[in-house]
Amino acid sequence: MQRACKSLLLARGALAQKTLADLEIGALRSLSTSTDLKAVLAEKIPAEQERLKALKKECGAAALGTVTVEQAIGGMRGIPGMLWETSLLDAEEGIRFRGHSIPDLQKHLPAAKSGGQPLPEGLLWLLLTGDLPSKDQAAAVTEMLRKRSTLPAHISAVLEAMPPTTHPMTQFATAILALQSHSQFASAYESGIHKTKYWEPIYEDSMDLIAKLPAVAALIYRRCYQNGKNIDPHPTLDWSANLAHMMGYGSDEGALEMMRLYQTIHADHEGGNVSAHATHLVGSALSDPYLSFVAGMTGLAGPLHGLANQEVLRWLTNVREQLGDNPTKEQLTDFVWATLKSGKVVPGFGHAVLRKTDPRYTSQREFAQKHMPDYPLFRLVSQLYEVVPDVLTQTGKVKNPWPNVDAHSGVLLQYYGITEDKFYTVLFGVSRSLGVLSQGIWSRALGLPIERPKSLTMDAVRAIAMENHAA
């Protein structure tokens, strides 16, 4: 078994080392010319089911690693314990979506305009099929989502029953739950659908939900910040551009491109983060995509997960209030040290897994250099990029002193006039639907079981630790 497992892993490793030259000649582009996403997905499923069977047969008894007491009581950080096909986070290279880095996506995914940002619709095709889509295939996803995007009348009524001062994420979660009354999977399960067919109504629910989320988000934004004056969807704009349009920023092409970038880079970050894991966990109980996704969104609303870019903006505001728009490097260095000595962290720097600058930060920085090079907030973020890592390294306590995605995302939104930082997590949630719901479809297609890890009391942990130590 071990020899067969080793051979299988070596083969997978060789596949993972495919170079960018493969991309240049289109070796990894979709072999299918069909523009029917569900049909192409259906063709992929049998082979992936066989891959999983072979993995279980040949490597089922192989160890993925050891678990320390520190890991068990430290949030299970770093423990390999779930299957997540849509993305993988590398400590050195950052996130890869089906093997493709963010620079790869910016180069090879279809864009709305020549040289522009990739369309999230193309990323959705990639996440579900593993193939880079053609322009026609991405356009077909845009059209498919557009046809599904109309909100039922009761969604507006549900939101209107809540005070407009209700937190946007609370409204977002409530609206998603209200959409659950249309779940095709819930209806099919009640009717006795065979488990091998689970993925089909899960797919339909997921596409319906993804399609409607921009309208839900825009509805919440307009009622919270624009006196409830809603804007109808544009008949020809793509998925993420329509979100910007319905929020009130459709006249600025830069804002449309920014939203395409934002929705692409926040789409997935493997399965261990709170929003992804919560969605996966609840989905493993065969809760439909509406119920599982709302679990993820309530996790995303937590201050330690989805509110980080708000913390960054508040800290930057504090910097500007105390030092002005043109601080010296020495002033910034002193300010960073003062932040750390006060017992606080510098928000937007460091990551649980990454050990280099987050590629999502880099992509936003490049966008800002092109579209807003003289924006004072961007100049400040750029200065901090030169200061903070050195200070954090000098403390000797930080494994990754480099900026993450949150260090920059709020700056882009602020530049285009989206200044209501409480709403930022909703935009994050719209994007995250692409990754977690794609994985949810595959989880059901692969027949993954209900998640049920083992828990221990402190006494049990100590007993096992002492027994292992004695051995």
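Which residues lie nearest the centre of the largest cavity, and how many residues line it?

Analyst: This is a predicted model, in which local features need pLDDT of at least 70 and side-chain atom pairs count only at pLDDT 80 or more, while totals for chains, interfaces and linings use all residues. Residues are numbered from 1 along each chain as its sequence is written, and side-chain values use heavy atoms, leaving out hydrogens and water.

T279, G283, S292, G440 and R444 lie nearest the centre of the largest cavity, among 18 lining residues (those with an atom within 4 Å of a point). A cavity is a set of points on a 1 Å grid over the protein atoms alone where a 1.4 Å probe fits but cannot get out. The largest cavity holds about 120 Å³, the space filled by probe spheres set on points joined across faces, edges and corners.

At least two lining residues come from each of α11 (199-225), α14 (274-284), α15 (289-300) and α21 (helices being DSSP runs of H or I, at least four residues, numbered from the N terminus). Helix α21 contributes the most, seven residues. By class, the lining has eight nonpolar, nine polar and one charged residue (Ala, Val, Leu, Ile, Met, Phe, Trp, Tyr, Cys and Pro are nonpolar; Asp, Glu, Lys and Arg charged; the others, including Gly, polar).

The structure has two cavities of 30 Å³ or more.

Definitions and conventions: On a 1 Å grid over the protein atoms alone, a cavity is a set of points where a 1.4 Å probe fits but cannot get out, and a pocket is an open set with protein on both sides within 12 Å along at least five of seven lines; lining residues have an atom within 4 Å of a point.
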